[in-house]
Structure formats: structure tokens, C-alpha cells
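Here is a brief report on one protein chain. Please keep the sequence and the 3D view open while reading.

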Amino acid sequence: MPLKNYGVLAATAVERRREGAADTPHYQIHLRDAQGTDYRAAVNVQSQQSPSDLLYVVVDDFRHPLTALLPAAGSGWTDLPSKPGTASLDFIRGNLFDPAALRTLPPDAPGADNDLADLLDHYVQRAINDPAAAVYLIGQRFGPEPTVPDKVFGFTPGNGVHDIHMNQGNSGRFRADDGVYQDGGLLIHLPAEDRWIAVFLAFQSQAWHTDDATGHTLPGTPPRPTDPTGHDAALRIVAAVVNPVGPAPEDETVTVLNTSAAPVDLAGWHLADQAKHRLALPAGPLAAGAALTVHGAGGFELGNHGGAITLLDPSGLKVHGVAYTARQAAAEGRTITF
């Protein structure tokens with residue numbers, strides 16, 4: 001069954017502890033909310049299933065409409081419904097990042113800046129050293145345990161958040177944890193820079209095409225977003241005009257680029273907006289290296305308050321996706337590049 005206690009912890013980082021590479025290690029973070037309640041975030045840095053090294057991506061300048069949906073900084077724990085239009089995360093449907101950017105790192109290795117704990121240290125230590133930094137951990141809550149001190153940092157009651165990683169497309173005994181809009185993540189807001197940093201983690205054993213209701217792996221689909229030939233996706237969304245100059249109805253556009261070395265037949269390809277309204281791409285070949293600007297029509301709409309755009313192949317599978325914020329959409333006539 002899906003995660004039972006999914007939500008987001010909004011707090012400040014106090015200290016951290018590395019657990020090395022033994023057993024199923026975690027990177028442990030001690031946090032405290034504005035009311036003085038202590039929490040521990042247990043961040044996986046190694047998988048119990050082979051391959052053991054985790055996939056990660058860091059977005060140093062994270063711009064996504066979900067940041068406007070997060071609770072107030074330091075507000076503690078907030079339950080989240082597992083559905084779109086909330087601060088709930090979905091690595092596949094939320095267009096949070098490009099899966100092609102995912103890389104692997106070992107949990108812990110001799111030397112500097114060469115393992116996942118080092119990477120987490122870089123950002124968490126920055127949050128610890130900046131009293132204004134707001135930290136958000138999205139995952140599943142554990143505790144509170146009124147009579148049991150925290151096993152790592154010793155505060156009472158034991159209390160915190162784990163499953164701070166992708167939580168769908170699992171296999172084996174972890175398949176029972178599958179669900180949509182219940183993925184985990186680490187977000188840090190740096191007010192002095194007006195900038196968000198996002199860290200997303202996944203297991204190599206997890207699938208990237210899942211059922212929209214259950215989060216289970218779709219049978220017969222490739223392990224990651226690819227084009228119909230089985231290669232890394234050739235078509236990508238590279239730009240959009242979501243707020244054209246002039247009164248509604250406006251002429252919104254999306255630009256798609258063929259990054260491959262061969263033409264791509266666009267028959268059966270679609271764009272989808274945040275409400276899943278589809279817009280067919282014009283049938284015919286798109287030459288290698290060529291771009292196509294598609295005009296919105298037939299209910300396909302790009303809202304000015306932030307949104308997402310998804311590219312679907314002829315079988316309806318997601319190949320690429322992007323998101324934009326209300327701030328990016330505010331300027332009339334501006335082309336947003338992705």
C-alpha cells in the first residue's frame with residue numbers, strides 16, 4: 001500500500017551525522033522547527049537492492065510552482081495529500097527535473113567530494129551555517145515516540161522523516177510502497193539569494209514508467225524515459241510562450257527540438273498541459289537538429305500561475321517534461337527557455 005504518513009517537514013538544520021557505508025547507511029540530519037520541536041531526517045545513501053549506488057540529481061536553481069505551495073518556513077510537520085496541485089512530489093508526473101541528468105554515486109568513499117554523503121554535506125552544511133536557510137524534507141513521518149529518545153541525536157521524543165527518495169516503480173518486497181505523488185526530496189531555500197536548491201534521489205532498481213493510479217511499473221516499458229526506438233529521448237521541449245502580449249485568448253506556443261542525428265516522425269506525438277489536456281503535434285518528419293513551434297488549441301492551456309508541459313510519444317508514454325513558475329510567466333511576451 002502507498003506511504004501512510006506522507007508529508008513535508010519545514011525546519012532549520014542543526015547538525016548532521018554520516019553513517020559510513022555499513023549495512024543500509026543513511027545521512028542523518030538533525031532539524032528543529034520554530035516551536036522548538038526536534039526532528040531527524042534519515043536520508044538513504046545506499047540501496048538494499050542491487051545495484052546499491054543511488055541515483056541523484058541536484059537542481060541548484062530550482063524553479064517550480066510547487067515551491068509556492070510549501071508551508072511556512074519552520075512550521076514543522078504538515079501532512080500532504082498524494083495528488084497533483086499540492087506540494088506532493090512525483091518524479092514522473094511533476095516535471096521536477098530531467099531524468100537524463102540523474103547520476104550515480106557510492107554512499108561513502110575515501111577522499112573528498114566523491115560520494116553521496118559528500119554531496120549532501122555540501123548543501124546541508126550550508127543550511128546549518130545560514131540561520132535564514134529554510135529546509136524542507138518531503139517523505140514519510142516516523143514517530144513521535146514520547147518515551148523513546150532519538151537513536152542518533154538523543155532528543156526526546158524520537159521523531160522525524162524518512163523515505164526521502166522516489167517511492168514508485170519498485171520491485172520485490174518494496175513494491176508495496178508504490179504510489180503516485182508521494183516521492184521524497186530535500187529542498188533548501190536561501191532567502192538572501194532568493195534561490196531554491198533541490199536534491200532528488202532514486203534507486204537504480206526503480207522504473208520510470210508507472211501506472212497513474214498505483215505507481216506500479218508498467219509492464220513492457222523501458223526502464224527510463226526513451227523515444228520509441230529505445231534510445232534516449234530525441235525530442236525535447238526547449239521553450240514556451242505562456243503569457244503572450246494581448247488580451248485572452250492568447251496565442252500560446254511550445255517549441256520542441258529534435259536533438260538526434262536523424263528525422264523523427266511526429267505522427268501520434270502529443271503535448272499535455274498541467275490538466276492533461278493534449279495537443280497533437282503535426283504529423284510528418286522533423287529533421288535532425290530542427291525545432292518546431294506548436295500553437296496552443298483545443299483546450300490545451302498554459303496558465304499564468306505556473307504549470308507543467310509534458311511530451312508524450314505515440315504510445316502515450318512520457319518522454320520529456322518541463323515546469324515553470326508564476327514568476328517566470330509574469331512578463332508578457334517573454335519566451336521561457338528550459
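## Strand S8 and its partners

S7 and S8 run antiparallel and are joined by 4 bridges. Gln 140 stands opposite His 162 of S8. S8 also pairs with S3, this time in the parallel sense, over 2 bridges. Here Arg 40 has Gly 160 in S8 as its bridge partner. The model is predicted, so these pairings are computed from predicted coordinates.

How many of the 5 residues of strand S8 are buried? The count is 4, so the strand, residues 158-162, is largely enclosed by the rest of the structure.

## Asn 5, ahead of S1

Asn 5 sits in the segment before S1. Its relative accessible area is 41%, so Asn 5 counts as partly exposed. Leaving aside neighbours within four places in sequence, Asn 5 is in contact with Trp 77, Gly 139, Gln 140 and Arg 141. Gln 140 is also the residue that stands opposite His 162.

Asn 5 and Gly 158 are 153 residues apart along the chain. Their C-alpha atoms are separated by 16 Å.

## Nonpolar cores

The largest nonpolar core has 33 residues, and Leu 116, Leu 137 and Ile 188 touch the most other members. Elements that give two or more residues to this core include strand S1 (6-18), strand S3 (38-44), strand S7 (134-145) and strand S9 (185-190). Helix H1 (116-129) is also among them. H1 gives the most, with 7 residues. A second, separate core holds 28 residues, including Tyr 6, Leu 89, Trp 196 and Ala 198. In soluble globular proteins, nonpolar side chains tend to be buried together.

Which residues does Leu 137 contact, leaving aside its neighbours within four places in sequence? They are Gly 7, Val 8, Leu 9, Leu 31, Ala 41, Val 161, Ile 164, Gly 185 and Leu 186.

## His 26 in S2

His 26 belongs to strand S2, residues 26-32. Is His 26 buried or exposed? Its relative accessibility is 18%; the cut-off for buried is under 20%, so His 26 counts as buried.

The side chains of His 26 and Asn 44 are joined by a polar contact of 3.5 Å. Not counting residues up to four places away in sequence, His 26 touches Arg 17, Arg 18, Glu 19, Ala 42, Val 43, Asn 44 and Val 45.

## Asn 258 in S12

Asn 258 lies in strand S12, residues 253-258. Asn 258 has a relative accessible area of 1% and is buried. Which backbone oxygens does the side chain of Asn 258 reach? One is that of Ala 262, at 2.9 Å. Another is that of Ala 287, at 3.2 Å.

Beyond its neighbours within four places in sequence, Asn 258 has contacts that include Ala 234, Leu 235, Pro 263 and Val 264. Leu 286, Ala 287, Ala 288, Gly 289 and Ala 290 are in contact with Asn 258 as well.

## The largest pocket

The largest pocket holds about 1,200 Å³ of space. It is lined by 48 residues. Closest to its centre are His 64, Arg 93, Gly 94, Gln 274 and Ala 308.

Which elements each supply at least two residues of the lining of the largest pocket? They are S10, strand S18 (306-312), strand S19 (318-325) and helix H2 (326-329). S18 gives the most to this lining, with 4 residues.

Note on methods
Residues numbered from 1 in each chain as written. Predicted model: local features only at pLDDT ≥ 70, side-chain atom pairs only at ≥ 80, totals over all residues. Heavy atoms only, no water. Buried < 20%, exposed > 50% of the residue type's maximum accessible area, 1.4 Å probe, protein only. Polar contact = N/O pair within 3.5 Å; in protein donor to acceptor, adjacent residues only side chain to side chain. Contact = heavy atoms within 4.5 Å. Core = buried A, V, L, I, M, F, W, Y, C linked by side-chain atoms within 4.5 Å. Pairing = 2+ DSSP bridges. 1 Å grid on protein atoms, 1.4 Å probe; cavity = no way out; pocket = protein on both sides within 12 Å on 5 of 7 lines; lining within 4 Å. Points joined across faces, edges and corners; volume = space filled by probe spheres on them.
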